[in-house]
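Please look at the sequence and the 3D structure below. Then follow the text from one part to the next.

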Amino acid sequence: MTTTTTWDVACPSGQAAATVAAACLQDGPVGTVGLEVEAHCFDITDPMRRPGWEELSAVIAGVAELPGGSAITVEPGGAVELSGPPAADVTAAIDAMTADRDVLRRHFHEHGLALVLLGADPLRPAHRVNPGARYQAMERFFESTGTGAAGAAMMTSTASVQLNVEAGPRAGWADRVRLAHALGPTMIALSANSPLLHGALTGWRSTRQRVWGQLDSARCGPVLGDRGDDPTADWAHYALRAPVMLVRSPEAVATTEFVSFADWADGRAVLAGRRPTAEDLDYHLTTLFPPVRPRRWLEIRYLDSVPDDVWPAVAFTLATLLDNPDAAEIARAATASVATEWDLAARVGLADPRLHTAAVQCVGAAAQYAPPSLADAVDRLLTNVRAGRCPADDFADRAARYGIPAAITELAKGDQ
């Protein structure tokens, strides 16, 4: 979010809350969709080796212009992210992302590297390669708040598929945001793809979600208030009570004690020897990571990174359940009993009968609207969901059969 408000001396919390609430959602039609796909980067011949920053930068510098227009960025642990531009609908977004990933994957293979789609790095220990000051400061923040291990794993060992959808007409914001949250556990259960972390089975289908759950819930937990009747007010309340992670002075500096933005704004605490400005408020919002984040649109962050034969169907399903009114009604009813089962979904996936039933109903509702180009992929997803299997089950079986390094090498060679 970019604000134009400036405060000469201080940023009172009431004014800050009003600024956040006014800008977090944009009134308009649904339909436009953006996609972001993160992939772990492995050396094809040596899966334990983590490619460094200079190596990744050099490889990316040689990438030809991507046909779908995605931007390429490198996450703290060396995961490579493709961020697609907004597309007219979810099918167009999937087509563009598929084309860009094909180009990027071939280019990395030519340099002996592979971009593997898993929700968590199953083999290598957490290690940061991105030298950015922001990520160094984030490390210090997590260490100082007692979540160093989880913070390091989150930054360097997790990857996701992110869906960006419009906020929709103002009159429907509350229902739409509630549904985006209610779908979370069911979509986590059917897309879970991170059963291992740092060389061991964790006992969770989505270890990525488990890692996020180990972090501060005031920063990474769901946004919704008690009823979620006003999502703009809910987000403003969430943002103002969340602890300040970083202060730019001018480089990012980590805070080492719990100070909410409201306390900083109202002078109950002082950071970097001053009160906050509108720019500090903007920056604070970029350090909040809830599963559904309002950024004028809705940024949906709860999906594991899943293989190339899975993510298009998962993305289509989620977008359809949000944007198609008839499918949305089915999804509301189907997810009502599991709408808050975030941890259960991450731990057992579709093994829970209620989550399994919800997933079958949700994917079935979306499948009715699949275009010919996605029909086979959505049918495969529905077949797997009916069988109670998520991608984590397939990778865990492969790792048990061949060992983790060999399982990664198979994926690295494109056998996904």
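Contact means heavy atoms within 4.5 Å. Helices (DSSP runs of H or I, at least four residues) and strands (DSSP runs of E, at least two) are numbered from the N terminus. This is a predicted model, in which local features need pLDDT of at least 70 and side-chain atom pairs count only at pLDDT 80 or more, while totals for chains, interfaces and linings use all residues. Residues are numbered from 1 along each chain as its sequence is written, and side-chain values use heavy atoms, with hydrogens and water left out.

Start with confidence. pLDDT is the predictor's confidence in each residue, from 0 to 100. The protein chain averages 94. A score of at least 70 is reached by 96% of the residues. Over residues 1–9, however, the pLDDT is below 50. Beyond near neighbours in sequence, that stretch has 23 contacts in the model.

Now turn to helix H1, residues 13–23. Which of its residues are buried (under 20% relative accessible area, where over 50% is exposed and in between is partly exposed, with a 1.4 Å probe and protein chains only)? They are Ser 13, Ala 16, Thr 19 and Val 20. Seen down the axis of H1, these residues fall within an arc of 125°, so they line one face of the helix. The arc is that of the directions from the helix axis to the C-beta atoms.

Next, go to H6, where Ala 180 is found. Is Ala 180 buried or exposed? It is buried, with a relative accessible area of 0%. Leaving out residues up to four places away in sequence, Ala 180 touches Val 292, Leu 298, Ile 300, Tyr 302 and Leu 322. Ala 180 and Ala 319 are 139 residues apart in sequence, yet their C-alpha atoms are 9.8 Å apart in space.

Thr 158 sits in the loop between helix H5 (148–157) and strand S5 (160–165). Thr 158 is buried too, with a relative accessible area of 9%. Its side chain reaches the backbone oxygen of Met 154 at 2.7 Å. Apart from neighbours within four places in sequence, the contacts of Thr 158 include Glu 38, His 40, Arg 208 and Trp 212.

Now consider the empty space. Rolling a probe the size of a water molecule over the atoms shows where empty space is left. On a 1 Å grid over the protein atoms alone, a cavity is a set of points where a 1.4 Å probe fits but cannot get out, and a pocket is an open set with protein on both sides within 12 Å along at least five of seven lines; lining residues have an atom within 4 Å of a point. Grid points are joined across faces, edges and corners, and a volume is the space filled by probe spheres set on the points. How many cavities of 30 Å³ or more does the structure hold? The search finds 3. The largest cavity has a volume of about 70 Å³. H9 gives the most to its lining, with 3 residues.

The largest pocket has a volume of about 1,000 Å³. Of its 45 lining residues, the closest to its centre are Gln 162, Trp 212, Phe 289, Arg 293 and Arg 301. Helix H7 (residues 207–213) gives the most to this lining, with 4 residues.

Finish at a loop. Pro 250 is found between strand S8 (246–248) and strand S9 (252–254). A cis peptide bond joins Ser 249 and Pro 250, with omega about -10°.

Note on methods. Polar contact = N/O pair within 3.5 Å; in protein donor to acceptor, adjacent residues only side chain to side chain.
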